[in-house]
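Hello,

Please find the structure below, with the sequence alongside. My notes on what was found in it follow.

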Amino acid sequence: MTEARPTQSVGAAAERATRPGLVEADRVEVTVDAVAPGGHCVARVAGQVVFVRHALPGERVVAEVTEVHRGFVRADAVTVLAASPDRVEAPCRYATPGGCGGCDLQHVAPAAQLDWKAAVVREQLTRLGGLTDAEVDRLGVRVEALPGGPLGWRSRVRYAVDAADRAGLLKHRSHEVVPVDRCLIAHPEIQALPVLGATRWPDAEAVETVASTGGQVSVSSVTAGAASPVRGPATVREVAAGRGWELPAAAFWQVHPAAADTLVDAVLDLLDPQPGESAWDLYGGAGLFAAALAARVGPTARITLVEAAAQGVSAARENLRDLPSVEVVAARVETALARRRITGPVDVVVLDPPRSGAGAPVVRALAAAGPRAVAYVACDPAAFARDVRTFAGLGWRLAALRGFDLFPMTQHVELVGLLLPPAPGC
């Protein structure tokens, strides 16, 4: 942490008093309150809300204002005056105010990171999801750690390239590149690659690296949005749900090595699909959940996978060729539902939307299709909470919820929720 600035002079204080609230680069002492989404904690200065990064609840810090918005400001804790017992020294020297923005919580003890994320989920469910405290209590919201620890887990890393052709990572809420010599949350095989430091990347806008669960390592140079392999295979093998998956190195796959199996286990546990049941896998990607469902419902049951991304559609069709009961529909989910590209009856649904959530039209269409259960896989608690509220308006309820720390050291959390329709006659 840097030192606090000297106390302002009387003249500077008088000039400061004429300004309408805090302005960028101001430094103020604050006592930090509860955690908030985005890796921040909440503080207040003269009634003004301040979202503070690099802090912990209960701490007294000097915060430097980084952004000013109508109704709130953002700030970084640059000096800790009274530390939380959950504070630790960040293992990475770039995880500081003004440094790399990839990790939000390196200053937080690993166990406390899980509590932090659970608190955010709870707050979003009550504020945006419309659930009562008692309803959230009954869900027993908690976030579970995955095997492997908080460092060395990220199997896919995209490095940005700066004007000097150096690979690095972006500052928080910025396009400015921070050149780094190592990313500690990257998989060890990615850390060992000659991508950072003295290596230069002329004409590249980004460098994509992959260390697959199948044991392959790939590096691609990205120019004008197109990835060109420069080291290792263009197609990598992943292993999950008892199967091998072949897909382009640039295609979507979960970045934590244990994530795919963890999510499959949670979805199957909550949905409990039975032999003969029909299923939808919406936003299905390469077909991870469709394959897992097929193993449970059997070869005669109908499974429909819907995916819009061309790479995902191609990967699903290639990897699920041995499962003729799975139909792959290339379409946006909302379009497929609205235009009846997929039709019921359907028994169980896996809903795995992007960060923006499924949205009200998709939720209403799902409810109208009448499945007995929906497993909702969410990477953003706010979007999930909004969709839960829409489901609730249709009589559905969030019956179970599990949280997973797929992204240690960051503010991100993955959720798997079980949504059930109203009981017959209600």
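Leaving aside residues up to four places away in sequence, Trp 245 touches Val 236, Arg 237, Glu 238, Ala 240, Trp 253, Ala 286, Gly 287, Leu 288, Ala 291, Asn 319 and Leu 320. Please keep in mind that this is a predicted model.

Trp 245 belongs to the largest nonpolar core, which has 75 residues. Together with Tyr 159, Val 195, Leu 271 and Leu 320, Trp 245 is among the residues that touch the most other members of that core. Helix 5, residues 259-271, supplies the largest share of the core, nine residues. Another core lies apart from this one and has 41 residues, including Leu 114, Leu 131, Tyr 283 and Val 362. As background, nonpolar side chains in soluble globular proteins tend to be buried together.

**Cavities**

How many cavities of 30 Å³ or more are there? The count comes to two.

The largest cavity has a volume of about 60 Å³. Its lining is made up of Tyr 159, Arg 182, Cys 183, Ala 186, Ile 190, Gln 191, Leu 193, Val 195, Leu 196 and Thr 209. By type, the lining residues of the largest cavity are seven nonpolar, two polar and one charged.

Pro 353, Pro 354, Arg 355, Gly 357, Tyr 376, Val 377, Ala 378, Cys 379, Asp 380, Ala 383 and Phe 384 line the second largest cavity. Two elements give two or more residues to this lining, namely strand 20 (373-378) and helix 10 (381-393). Strand 20 gives the most, with three residues. The lining of the second largest cavity divides into eight nonpolar, one polar and two charged residues.

**The second largest pocket**

The second largest pocket has a volume of about 580 Å³. It is lined by 32 residues, and the closest to its centre are His 54, Asp 76, Thr 96, Pro 97 and Gly 98. The elements that give two or more residues to the lining of this pocket are strand 5 (60-69) and strand 6 (72-82). Which of the elements gives the most to the lining of the second largest pocket? Strand 6 does, with four residues. Sorted by type, the pocket lining has 10 nonpolar, 11 polar and 11 charged residues.

Arg 74 lies in strand 6. Is Arg 74 buried or exposed? Arg 74 has a relative accessible area of 16%, so it counts as buried, the limit being under 20%. Not counting residues up to four places away in sequence, Arg 74 touches His 40, Phe 51, Glu 64, Val 65, Thr 66, Glu 67, His 69 and Arg 173.

Asp 322 sits in the loop between helix 7 (310-319) and strand 18 (326-330). Asp 322 is partly exposed, because its relative accessible area is 47%. The side chain of Asp 322 makes a polar contact with the side chain of Arg 243, at 2.8 Å. From Asp 322 to Ala 291 there are 31 residues in sequence, while the two are 9.8 Å apart in space, C-alpha to C-alpha. Ala 291 is also one of the residues that Trp 245 touches.

**Backbone points to check**

Most residues other than glycine have a negative phi, and most peptide bonds are trans.

- Ala 46 is not a glycine, yet has a positive phi of about 50 degrees. Ala 46 is in the loop between strand 3 (40-45) and strand 4 (48-53), and counts as exposed because its relative accessibility is 88%.
- Ala 224 is not a glycine either, and has a positive phi of about 55 degrees. The loop between strand 12 (217-223) and strand 13 (226-231) holds Ala 224, which is exposed, with a relative accessible area of 72%.
- The peptide bond from Gly 344 to Pro 345 is cis, with omega near 0 degrees. Pro 345 is placed in the loop between helix 8 (333-338) and strand 19 (348-351).

Regards

Definitions and conventions
Residues are numbered from 1 along each chain as its sequence is written. This is a predicted model: local features need pLDDT of at least 70, side-chain atom pairs count only at pLDDT 80 or more; totals for chains, interfaces and linings use all residues. Side-chain values use heavy atoms; hydrogens and water are left out. On a 1 Å grid over the protein atoms alone, a cavity is a set of points where a 1.4 Å probe fits but cannot get out, and a pocket is an open set with protein on both sides within 12 Å along at least five of seven lines; lining residues have an atom within 4 Å of a point. Grid points are joined across faces, edges and corners, and a volume is the space filled by probe spheres set on the points. Ala, Val, Leu, Ile, Met, Phe, Trp, Tyr, Cys and Pro count as nonpolar, Asp, Glu, Lys and Arg as charged, and the others, Gly among them, as polar. A nonpolar core is a set of buried Ala, Val, Leu, Ile, Met, Phe, Trp, Tyr and Cys residues joined through side-chain atoms within 4.5 Å. Buried means under 20% relative accessible area, exposed over 50%, partly exposed in between (1.4 Å probe, protein chains only). Contact means heavy atoms within 4.5 Å. A polar contact is a pair of N or O atoms within 3.5 Å; within protein, one must be able to donate a hydrogen and the other to accept it, and residues adjacent in sequence count only if both atoms are side-chain atoms.
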